[in-house]
Amino acid sequence: DEDIAERVVGRLQNIKKEEFIAEAKRNEGYLFPDTYFFLPESDTSDVIATMRKEFNKKVGYVEPELLSLASIVQAEANNVDDMKIVAGILLERLAIDMPLQVDVATTTYEIYGAPTTPINNPGLDAINAVRNPTRTSYLYYITGDDGNMYYAKTFKEHRKNIEKYMK
């Protein structure tokens, strides 16, 4: 929401940053990230309505829990293949009643299940990854200091990956 606000404030004369952030927060997860062109006199409601309309057009209906998962996938993985694997891991954790425990959504350390609302506005790749995940035998993953994803089947393997790929 802050990122979107930074892009529109100053370019569109009728948008106040705090007002835009508040409205974007209320619509978080349902604002489709894309390139848009607005008239200079466009206001917050114009921008939000356009982004929601684009979400509905390109994405359609998504169950709220899956949209929350897609927002985590968006923040956790940097490419489509990794998004699909991470989505599969998160869905498997939910299926076996394992906490998600992802750093980008700290509430997932305290509660079981997906966050009640998205943590960002996921793109189509992340949403499709949750809709069509890659199922593996992995339960853990990290992004190493080199930007690559490393996967593990056990917590012991996961700890080794952390020691090896993160400093």
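So, start with Glu-28 and Lys-25: the two form a salt bridge, and the closest N and O atoms sit 3.5 Å apart. Keep in mind that this is a predicted model, so treat that distance as coming from predicted coordinates. Now, are the two partners buried or exposed? Glu-28 has 11% relative accessibility, so Glu-28 counts as buried. Lys-25 comes out at 52%, so that one goes down as exposed. The cut-offs here are under 20% for buried and over 50% for exposed.

How many salt bridges do we get by this rule? The count is five. In general, side chains of opposite charge can pair when their charged atoms come close.

Next, have a look at helix 3, which runs over residues 44-58. Glu-54 makes a salt bridge with Lys-57, at 3.9 Å from N to O. For a salt bridge the cut-off is within 4 Å. Both residues lie in helix 3, three residues apart, so we're talking about one turn of the helix.

Which other lysine does Glu-54 pair with? That's Lys-58, where the closest N and O atoms are 3.2 Å apart. Lys-58 and Glu-54 also both lie in helix 3, here four residues apart, and again that's about one turn.

On accessibility, Glu-54 is buried, because its relative accessible area is 15%. Lys-57 has 64%, so Lys-57 is exposed. Lys-58 falls in between: at 36% relative accessibility, Lys-58 counts as partly exposed. And if you bring in Asp-34, you get a network of salt bridges linking Asp-34, Glu-54, Lys-57 and Lys-58.

Okay, on to some helix packing. As for the hand, the crossing of helix 4 and helix 6 is right-handed.

Which residues meet there? From helix 4 you have Leu-66, Leu-67, Leu-69, Ala-70, Val-73 and Gln-74. On the helix 6 side they meet Ala-126, Ile-127, Ala-129 and Val-130.

Now the strands. Strand 1 covers residues 140-143 and strand 2 covers residues 149-152, and they pair in the antiparallel sense over four bridges. If you click on Tyr-141, you'll find Tyr-151 of strand 2 standing opposite. The hairpin of strand 1 and strand 2 has five residues between the strands. Which residue in that hairpin takes a positive phi? That would be Gly-147, with phi near 90 degrees.

Let me zoom out to finish. The secondary structure comes to seven helices and two strands. Reading along the sequence, the pattern goes α-α-α-α-α-α-β-β-α. The C-alpha atoms fill a box of roughly 55 × 35 × 30 Å along the principal axes. Of the 167 residues, 44% count as buried.

Conventions: Residues are numbered from 1 along each chain as its sequence is written. This is a predicted model: local features need pLDDT of at least 70, side-chain atom pairs count only at pLDDT 80 or more; totals for chains, interfaces and linings use all residues. Side-chain values use heavy atoms; hydrogens and water are left out. Two strands pair if DSSP finds at least two bridges between them. A salt bridge is a side-chain nitrogen of Lys or Arg within 4 Å of a carboxyl oxygen of Asp or Glu. Buried means under 20% relative accessible area, exposed over 50%, partly exposed in between (1.4 Å probe, protein chains only). A crossing is left-handed if the near helix is turned anticlockwise from the far one by less than a right angle, and right-handed if clockwise. Contact means heavy atoms within 4.5 Å.
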